[in-house]
Amino acid sequence: MTTVSEHPTAPNSSPAVALSASPRAALLSRLLDPDQVVIFDGAMGTMLYAKGVFINQCYDELVLRSPDLVREVHAAYVKAGAEVVETNTFGANRAKLTQYGLEGQVAAINQRAAQLAREAAGEQRLVAGAVGPLGIRLEPYGPTSRDEARALFREQLRALADGGADCFVLETFADLEEIEQAVLAARDVNAAMPIIAQATVGPEMRTAFGASPEDVARVLDKWGVDVIGLNCSVGPQTILEAIERMAAVTTRKLSAQPNAGMPRDVGGRTMYMASPEYMATYARHLIQAGAKIVGGCCGTTPEHIKAMAEGVRPLAPRTRVQLGATREADARDDGKARPPVPLGQRSRLGAKLAAGKFVTSVEIVPPRGVDTVKLEHDAAALAKAGVDAINVPDGPRAQSRMGAIATSLIIERHGIEAVTHYACRDRNLLGMLSDLLGASALGLRNMLLITGDPPKMGPYPDATAVFDIDAIGLTNLVRNLNRGMDPGNNPIGEPTRFVIGVGVNPVAIDPAHELKRFHWKVEAGAEYAITQPVFDPAQLEAFLDSIHDVRIPVIAGIWPLVSARNAEFLANEVPGVTVPKEILERMRKANDKSKEHALAEGIAIAREALDRVRGAVQGVQVSAPFGKVELALQVMPDVQPPLR
């Protein structure tokens, strides 16, 4: 293992960043938030070479000699979806610039590079001051002392800060002794400036000095850098395995910027063969492995970054940056927005929610084909039983079924309201806007806005998911429609009258992240929430306690189990559902007696859950297992199953 000295100035936590309230400040907060995904740009050198700059030139000097060319590359990455652009200064330290006779222009090159990046990034993106190795050996492997190295780094970093960089990215380091001096120099320049420190490993997952990914993570963690990562040298597959190993030994935020595959010699030219689609696939894998900052290195282009940004969107929901922008739009709409119709006047469900009354609903999955006889029969039966509404899922578990809007319209013919689930998975922003305006015109009022299950779960795994926005962004959109405004803040005339609901999972694998998302949904305009099926009332009660500061009406999801096999399926194969071991055991014991005993036990478990949480929630949504609405009705004591 590579040994290093103790970092003398490692802070106990990420530094506070002194920026006035702005989109940049919000994005900088996301950069430091360990749960938030942020997209970096791709290769600069690859793009400059493609534009005809010969490799025997100093690429860093182009910020002075050909600034439009560099600015153009930055702008292409911004357009592709990069949230952070790196300055064209990887080799802009005195030691490397001396090779070109440019040692006297360190400050000018780095300052101008930061300014060019800022011109392209504007106030909606961040600029990362990029710093690479010095290109000379430090003691004891070379003549350069640690203090000399630190001074060289300090000179470059100060110029980047003076030029307007928001953070520092120290990248492609193999010698941990050297990156330590870069970290120390960054603290010398600005102790509050966030530091992203990235090493580079080879195919054997070792740096050139023999450090493993675990070594890198432990050392950089000890030094207190804000983000620990890897970049360059190898393709995404090796970086993925290395990130998995790093995630096991540090709780710091991780970053990954792999090359577009391993370089190959093709006709005398070095080519990177990984396609944008391939890089997008691995970007998702990297995020799932723990890297929350992803971007590209050698061989990546704006096309790669665009594919990566689109590919990770389902894993990187829109957050306070966009929500803040919406609030700012509210303030500058020049009075064009109308006040929303009061909740109690939008629908019967809205009226009960506004009055604090307990609501009942049953979930019915839309039919697989065009035959609606059973759907209409069940809708009539539930209306007769006195149920307040029927919940209509939108392609649950990525299954192909009749659309939720059409199904809801059929249901409402029978005198009972529908709660239309609407997923972001299958439509872009324009398609959603069109659907919602049409649904409003046709009289649908109650919406449950969800992100949607990925197509990989369903029978058509090659289907393309859109995820143009997530449930938080969709909630913002519908809230604006209720104020008579489209996404561009343009009047649409008569406001929509949607009752805005969102989903929430009290037993999420990452409860802190789920709690954050719930806060953001409420801020975006959510007016009620429906939970995932609850089998452990204690978990729901704990979740309700955690949202006391942003409490909106919560409707508990209840799912009557029908057999032990049904319980095991929900526990193991349905996302977002947790079935406690004791419930599974109760169902197994009942199943051993008979199917009838198992069904009765499942109904009893559902009733027990409802009885316990009834005083803490404002309603119940009972799923109809296998489409059997009579089983759902048996769970609710306030309604009576209609006579058959």
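Visitor: How many aromatic pairs does the count come to?

Guide: The count comes to three aromatic pairs, where rings of Phe, Tyr and Trp (its six-membered ring) pair if their centres lie within 6.5 Å. This is a predicted model, in which local features need pLDDT of at least 70, side-chain atom pairs count only at pLDDT 80 or more, and totals for chains, interfaces and linings use all residues. Residues are numbered from 1 along each chain as its sequence is written, and side-chain values use heavy atoms, with hydrogens and water left out.

Visitor: Why is the pair of Phe153 and Phe173 called tilted?

Guide: Their centres are 5.9 Å apart and their planes stand at 50°. Planes under 30 degrees apart count as stacked, over 60 as edge-to-face and the rest as tilted, so 50° gives a tilted pair. Phe153 lies in helix H7 (residues 146–163) and Phe173 in strand S4 (residues 167–173), so the pair ties together parts 20 residues apart in sequence. Helices (H or I, at least four residues) and strands (E, at least two) are DSSP runs, numbered from the N terminus.

Visitor: Are Phe153 and Phe173 buried or exposed?

Guide: Phe153 has a relative accessible area of 0% and Phe173 has 1%. Buried means under 20%, exposed over 50% and partly exposed in between (1.4 Å probe, protein chains only), so Phe153 is buried and Phe173 is buried.

Visitor: What makes the pair of Tyr278 and Tyr282 tilted?

Guide: The ring centres are 4.9 Å apart and the planes are at 50°, so this pair is tilted. Tyr278 and Tyr282 are four residues apart in helix H11 (residues 276–289), which means about one helical turn between them. At 35%, Tyr278 is partly exposed, whereas Tyr282, at 12%, is buried.

Visitor: How do you know that the charged end of Arg614 sits over the ring of Phe358?

Guide: The rule asks for NZ of Lys or CZ of Arg within 6 Å of the ring centre and within 35 degrees of the ring normal. The charged end of Arg614 is 4.2 Å from the centre of the Phe358 ring and is assigned as sitting over it.

Visitor: Why is H22 called roughly antiparallel to H23?

Guide: Helix H22 (residues 581–593) and helix H23 (residues 595–613) pack at about 150°, with axes 7 Å apart. Angles under 35 degrees count as roughly parallel, over 145 as roughly antiparallel, 65 to 115 as roughly perpendicular and the rest as oblique, so H22 is roughly antiparallel to H23.

Visitor: What makes Asp453 partly exposed?

Guide: Its relative accessibility is 24%, so Asp453 counts as partly exposed. Asp453 is found in the loop between strand S14 (446–450) and helix H18 (471–481).

Notes:
Axes fitted to C-alpha atoms, helices over the stretch in contact; angles between N-to-C directions.
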